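Here are some notes to go with your first look at this structure. Keep the view open and follow the points in order.

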Amino acid sequence: MIEISAFAWVPPFAQGYVKDLRPRWALEEAGLDYEVRTLSGDDQNAPAYRAWQPFGQVPAYRDDEVELFESGAIVLRIAAQSKALSPRDPQDAAQIQAWVVAALNSIEPKVDNLVFPSIFYAGEPWIEGWRPHAEAVLEMRLEALSKWMDGRDWLTGRFSVADIVMASVLRALEEEPLWARFPRLVAYLDRCLARPAFGRALRAQMETFAANEPAEA
């Protein structure tokens, strides 16, 4: 049996974006059953959980053979167990791994640098001066990604867990003005999010939050 961890509840602005969505999506694509261990209160700091996820974050993952953490590593593990998602040959495996890492290392930090300050530091005077810099750096990465996607439907030869991770990263930009400058990426993200497995994964995450909504929320 596969088990992943997820927060029982998060504030509304984060709902639908917590990173357990990535393995949920991969598991839905793979057609693999899984259970969710929900964390509430101080569960994420419990010694047993820190032995599973050293940083107290989600998701963490375990199956009958392994335990691991970090969403990129988890979706690669899921792909290895799935006929639908497993790489077709060594080059395919290498490209999928490279694009998972690229989504997490080359794109996501630049997205976070643009989006997070406006969420967590709204109203502070330095935000206005920070955004043009963050947007310019991100725009360079998005231009490169858009060129790669020219003539391609997916990052590699077919839909893979690399697309799951990349789409999960790019979703954070849908309300940003610069997103409309990249119609090729807009179309790519739309293709990803139109997949039925994404819809099932998103509903499952939102159902977890609804079931655990605190009375004062």
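Which backbone oxygen lies 2.7 Å from a polar atom of the side chain of Ser168? Point 1 takes that up. Keep in mind throughout that you're looking at a predicted model.

1. **Ser168 and its surroundings.** The backbone oxygen in question belongs to Ile164. Ser168 sits in helix α6, which covers residues 161–170. Its relative accessibility is 13%, so Ser168 counts as buried, the limit for that being under 20%. If you skip the neighbours within four places in sequence, Ser168 is in contact with Arg22 and Trp25.

2. **The largest nonpolar core.** Trp25 turns up again here. The largest nonpolar core has 52 residues, and Trp25 is among those with the most contacts inside it, along with Val161, Met166, Leu170 and Leu173. Quite a list of elements gives two or more residues to this core: β1 (2–7), α1 (21–30), α3 (71–80), α4 (90–120), α5 (126–149), α6, α7 (183–193) and α8 (196–211). The largest share is from α4, with nine residues. As general background, nonpolar side chains in soluble globular proteins tend to be buried together.

3. Leaving out neighbours within four places in sequence, Leu170 is in contact with Ile107, Leu142, Leu145, Trp179, Tyr188 and Leu189. There is also a second, separate core of ten residues, and Ala14, Val18, Trp52 and Ala60 are included in it.

4. How many salt bridges does a search of the whole structure find? The count is 15. In general, side chains of opposite charge can pair when their charged atoms come close. One of these bridges joins Arg24 to Asp20, with the closest N and O atoms 2.6 Å apart. Arg24 and Asp20 are both buried.

5. **Glu139 and Arg181.** These two form a salt bridge as well, and here the closest N and O atoms are 3.1 Å apart. The pair links distant parts of the chain, since Glu139 is in helix α5 and Arg181 is in the loop between α6 and α7, 42 residues apart.

6. **Arg191 and Asp153.** In this salt bridge the closest N and O atoms are 3.9 Å apart. Arg191 lies in helix α7, while Asp153 is in the loop between α5 and α6, so the bridge ties together parts that are 38 residues apart in sequence. Arg191 counts as partly exposed at 28% relative accessibility, and Asp153 counts as partly exposed at 47%.

7. **The sheet.** Now turn to the strands. Four of them form an open sheet with mixed pairing, in the order β2-β1-β3-β4. Why is one side of β2 and of β4 left without a neighbour in the sheet? Because β2 (34–39) and β4 (67–69) stand at the edges, and each has a single partner strand. On average, neighbouring strands of this sheet are turned by 20° against each other, ignoring direction.

8. **Strands β3 and β4.** Strand β3 (residues 60–62) runs antiparallel to β4, and three bridges join the two. Look for Arg62, which stands opposite Glu67 in β4. Helix α3 packs on the sheet and touches β3 and β4, its direction making about 135° with that of β4. Arg62 and Glu67 also belong to a network of salt bridges that links them with Glu3.

9. Ala48 is in helix α2 (residues 47–52). With 58% relative accessibility, Ala48 counts as exposed. From Ala48 to Arg131 there are 83 residues in sequence and 40 Å in space, C-alpha to C-alpha. His133, in helix α5, counts as partly exposed at 45% relative accessibility. His133 and Trp25 are 108 residues apart in sequence and 33 Å apart in space, again C-alpha to C-alpha.

Note on methods:
Residues numbered from 1 in each chain as written. Predicted model: local features only at pLDDT ≥ 70, side-chain atom pairs only at ≥ 80, totals over all residues. Heavy atoms only, no water. Helix = DSSP H or I, 4+ residues; strand = E, 2+ residues; numbered from the N terminus. Buried < 20%, exposed > 50% of the residue type's maximum accessible area, 1.4 Å probe, protein only. Polar contact = N/O pair within 3.5 Å; in protein donor to acceptor, adjacent residues only side chain to side chain. Contact = heavy atoms within 4.5 Å. Core = buried A, V, L, I, M, F, W, Y, C linked by side-chain atoms within 4.5 Å. Salt bridge = Lys/Arg side-chain N within 4 Å of Asp/Glu carboxyl O. Pairing = 2+ DSSP bridges. Axes fitted to C-alpha atoms, helices over the stretch in contact; angles between N-to-C directions.
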